[in-house]
Amino acid sequence: MFLGEQEQFLSYNGEVLVFHLSKPEHVEGAADKTMNLCVRRMVFNRETKLFVQKSSGAFSMHASHSKIEIVCCSCTTDSRTGIILPCILMKKKKRSNIKYLLLLLHSSNQFEQSFHFKLDYELKEDIRLFAGPSVLWRHANKLFYISSNTSVVQSAPFQLSSVVWAGEIVDEGTVVLGIRTACLPESEDADEFSISDRAIWGTELFGYAIQTQKMLTGTCFMPHAYGRVVSSVYICKNERLKKQLRISLVAITHKNQLIWFQNGLPKGVCELPFKKPCSVKAAVTRSNDLLFIVSFASGNSCVVQRRDSLQVVSKWQKVKSVLVDDFIGSGNEQLLLLFKDDSNTEVLSTFKITDLEEVNYASGINLKHDVPAAEGLRENGLLTVQALEIRLQAGFTSIRELQQHLELKKKVILESCRALINLVEERTHILPKAKEKTFFCKEGLVSLWDDVENPPHSPSKETSLASEVPDHFTEKLWQRVVGDSLVVGVKLTESFSLSLNDVSLSLVMDQDFPSISPIIKCQSKIIKLNEAFSALAVSSCQIEPPPKRMKLDLHSKNDLKVKFPKKPSGVQQGGAKTVIAVTSLSPLLAFHRICCVVLLHAKKRKHGNDGLQESKMITVLCGKVLLSLEDISSRRFSVKMLKDNSYCTGAVEDILAVLAASVRFSFQIASSDCTLTPVNSWLLGEMECTPFKEYHDNIFCHKAGNVYGTVFNWSLKNPFEGVLTVFCRSLTVLFQCLHSLTRVLPPSCNVKLLRCGRKGALTEQLALALEKEMLTLKTSFFSKESRAENSLTWENEAGKKINNAPLASLLDTVEDVQQLRKNFQNEREQSVQSMNQTMNGALYQKMALKIAEAQLRSDMIVWRLS
């Protein structure tokens, strides 16, 4: 049983919560003294295209001689756990005594009373619920508020005519934006323009921080002149850059306008289609378009889109409520419009779900401008899109052909210029290389020079070499100095297709020092730099598990290197690939000035006909690096990480150098009863970290001391579990960071070191590796036993005739018994001999190699899991 207009709707995690008041079933002889606050959780079914009830709950209240109403509801943060929960404000009116209750709804549909308070008047104006939970309202031009922490009604020391917004602002806490009569400052250093502006308009917008009781000037939100016409505000973004508050917001006015403000200045305006706008909220679609939903007092709604300018893109009439959430589970927000329909009393019977793009679900709507397009029109639209896609692909193909043609023209012009210069200078022109001539022939070009073809002494060998080795492995060579380490990097080209596990760098001194080895000891790393950093060390210096079994080595020293997935977790395909060598700097500076040759080593692997793995080493000269004490003193190759508008700016080479010179540690942080919001505050606050400008998920520590230069990556799996990755120079720095972190984490948090990879993925890899090991052993032994069985069967063909005879007939005489005993002894000896047969050396080598490979892989995964 519903009581009047007591139905309230709220969206929460893709669900629609329907609150209403009802009386329990009447029992004869019992007084009707209770009232139930009921909730129904409704979810959208994409198959039936209807809302269905998921669960329900109820909260009983004593209602003897009292009138109970639902005042408002909203989703707010519970300060005890940091979890956002539905919050409902109830009113119990008994004569002149008015009692208000604030309830929290948990996921189990259990209601919890947060606090209650009594007033001698009713709440009617500017009622807001915000974090705590807390309640804010306006009465008699004064601002009052109460929270779960104090449970005492407090008032603000000023008067105001309206509240246009309440919410969280960075570094200020909960802030209330209101309109009041302009207060002219008496100080002489005040802004003269602001004084004259407020004196003319008479009203102003101001902000008030509740926790700190601090007044904020309204000019950082909008000019004073707009204070007299603004009725509601929605803040889209707020941040601090160089200790200055920067805010983006939209405001609706009494003049039926929606205005966009950026850092206190108007950037756009849009005329609204209806009168008396009362509220505005925002939604972000799958194409990252920002939509503003404006509700009007008449029950109408419209959507304003912000791209190049503000414009109304859709409007509806007779709207009961507008909710914003991911109702269909697509990962993006949609609008849910609930329409007024007196003919249907079912909950959520007349609705529309849309994102003004591809999502469009409707039920019970008979409005012409809301009906989906006819099937014929939809099919025509699909054909139009397909035709446009074909034209777009044809355009891309033409562009690629033009680019190839321009490259060809460039090569021809350059070669002609060289020939002309040589002709003028009376020098012999060197003909193009064989690969360039092949390129010219493929393009249908004819050489204008009288060149002599090279004798085809070994065309097959040259062809195979050209196919194995790309024209250019490297794109860029660079060097950096990080602490006591020299970092040399080689950026690989996109054409590089060999396995990154088989690539490394070597540093060889160019000078001749007879007393020392020219090869410099270094550690090679492969780094892919995307939105998530990943580094894979491939040198022999990396940490490996203790050897459990003998490693076989047939053709190459590293043929049995354990293969891990080429694409680490979290790394997107196509990222920039860089090979880096890290070596100690101080031994090199002993020579004052040094020149090193950088060599890149790669391994080409293939399987031969006999099943064994063959490999061919390829070495490419990348260039030379020069280093001297003057370079170190002048910080020529030092890493430069600077702060710029709350971001850390540095070249890609600087970021790579810091990562290469650091050691990576990953920690799983889990909490059973509290969210992990303190981790992010610790990184941005105490550790003074700023995100990289191009890679926002990774932050650089600017705090003075040993921890400077540490890189963090904080990834939340859910509000109660996350992974913190630390790139630090040493274990001492790591322990300092962990010690600082444990001081801000709740005592119930569990911090666990992750060796390498996720536990679930490693468990699956271990199962597959053990299965492969078992199959390898089974296949090897089965082939051996089958050959022994065949041999035994072949040698005992004559004995089978005796064995198949009846046993009684073989025991008639002593001679028959002795013959049977002799045959049995022969079978026994032949069986033992067959099980001890010798095996071909090549076959045994092949079997032992397969078994060792399978066992080494399973051992490596077990070590990573331990």
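Reader: Which residue of β10 stands opposite F130?

Author: That's S134. Bear in mind that we're looking at a predicted model.

Reader: How do you know that β9 and β10 count as paired strands?

Author: Pairing asks for at least two bridges between two strands. Strand β10, residues 134-139, is joined to β9 by 4 bridges, so the pair passes that cut-off. The two run antiparallel.

Reader: What makes β9 and β12 the edge strands?

Author: Their sheet has 4 strands, is open, and goes β9-β10-β11-β12 with antiparallel pairing. β9 (125-130) and β12 (154-159) each pair on one side only. On average, neighbouring strands here are turned by 15° against each other, direction ignored.

Reader: There's also the sheet with β1 to β4. Why is one side of β1 and of β4 left without a neighbour in the sheet?

Author: This open sheet of 4 strands is ordered β1-β2-β3-β4, and its pairing is antiparallel. β1 (8-12) and β4 (50-62) are at the edges and have a single partner strand each, so one side of each has no neighbour in the sheet. From one strand to the next, the twist averages 25°.

Reader: What makes β2 and β3 a pair?

Author: The count of bridges again. At least two are needed, and 7 bridges join β2 (residues 15-22) to β3 (residues 34-45), so these antiparallel strands pair.

Reader: And which residue in β3 is the bridge partner of V18?

Author: R40 is the bridge partner of V18.

Key: Residues numbered from 1 in each chain as written. Predicted model: local features only at pLDDT ≥ 70, side-chain atom pairs only at ≥ 80, totals over all residues. Heavy atoms only, no water. Axes fitted to C-alpha atoms, helices over the stretch in contact; angles between N-to-C directions.
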